[in-house]
Amino acid sequence: MLDELEKIKKLALEELQSVTNSDEAESFRIKYLGKKGVLTKHLKNLSQVPPESRPAFGRLGNELKQSLNKAISIYSKSSSVKKNTKLEDFTLPGESLKPPRRHPIRTIMSQCLDVFKSMGFESKTGPDIETDFYNFQALGIPADHPAKDMHDTFYLNPKGLLRTHTSPVQIRTMEKSSPPIRIIAPGKVYRRDSDVTHLPMFHQIEGLLVDKDISFADLKGVLEMFLHGVFGSNVKVRFRPSYFPFTEPSAEVDISCMNCDGNNKDCRVCSNTGWLEIAGAGMVDPEVFRSVNYDSDEWTGFAFGLGIERIAMLIYGVTDIRLFYENDLYFLENF
Ligand code: PHE
């Protein structure tokens, strides 16, 4: 009896392959599942099945009935399904779901935060929607300052904007607490920009340390330790003079290109310069201290801002930043 049932299953599944529309599905249903259908009739024979095989017979019979009904319902919903569509064996167990995994940007972000936390930095956050005051004015960028052009701001209304950097968290933190301060502020930032190396939304980590007798050497030490922690101790670090309205002196921080080590003549990653820009940094400008009522004779400090997507691109060898946000599973499953 059980063998017979297996045969019916095989036949039914074979025949199901040639069903292409709702009419054919209906005939198929009558043939197997109708009152006098092959399967219906066979399942009535339960009493003739030896007692020990009855559970298996019942289970197989029910499973087959269910899966045939399911297959038929697919056809009755769509009047014509493509011919030669291979139907699955509906009695097989379903495919198991893939375990969830972290987005690569999250992974890199938390690795970076761990390195700073190990150096005693505390994590702070600020709002994505900022005012002109926190995003610009308090950081030494008045309304008509040319540095505003660098930022390509998304304005929401005359007062609100999407923050263009995480530096406003420096001001918000100093307003609320007195020194010494040692914080990092991870978060999303927004700029009107989009190409292979720029996105309208990306992530930064801001760092701010304020204490007595802090010097540029401390800034160098902290950033070097961080960059060696993330990229390995072989990576070289250099500081180039630069300008930010809220730090003085200011620097841009580069690491040696890990793709070519500065030797390759055709390196696309560093455009043959041997160096990759990784952060903006500098000593907190006394004007910034004044705007939060800190005595700049007593306190000194440094600040820095790191781009996380940039770091992720270098670590994973990704050359188009936009890939991180296309939700392409083939890409994301690599991490
Ligand atoms: N906020 C700057 C930027 O986004 C980076 C920076 C942060 C520079 C802190 C100096 C100090 O470009």
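**Ligand surroundings in the predicted model**

In this predicted model, an N or O atom in the side chain of Arg-191 lies 2.9 Å from an oxygen atom of the ligand, a polar contact being a pair of N or O atoms within 3.5 Å. Ser-167 places a polar side-chain atom 2.9 Å from a ligand nitrogen atom, and Gln-204 has one at 3.0 Å from a ligand oxygen atom. The protein buries 92% of the 330 Å² that the ligand exposes when taken alone (Shrake-Rupley method, 1.4 Å probe).

Around the ligand there are 14 residues, of which His-165, Ser-167, Arg-191, Gln-204 and Gly-305 come nearest (near means a heavy atom within 4 Å). By class, this shell holds five nonpolar, seven polar and two charged residues, with Gly counted as polar and Asp, Glu, Lys and Arg as charged. Strand S9 gives the largest share, three residues, where strands are DSSP runs of E with at least two residues and helices are runs of H or I with at least four.

Turning to the whole protein, eleven helices and nine strands are present. The radius of gyration is 33 Å, whereas a compact globule of 335 residues would have one near 20 Å (taken over C-alpha atoms, with a globule rule of 2.2 Å times the number of residues to the power 0.38). Along the principal axes, the C-alpha atoms fill a box of roughly 100 × 50 × 40 Å.

Residues are numbered from 1 along each chain as its sequence is written, and side-chain values use heavy atoms, leaving out hydrogens and water. Local features need pLDDT of at least 70 and side-chain atom pairs count only at pLDDT 80 or more, while totals for chains, interfaces and linings use all residues.

Key:
A polar contact is a pair of N or O atoms within 3.5 Å; within protein, one must be able to donate a hydrogen and the other to accept it, and residues adjacent in sequence count only if both atoms are side-chain atoms.
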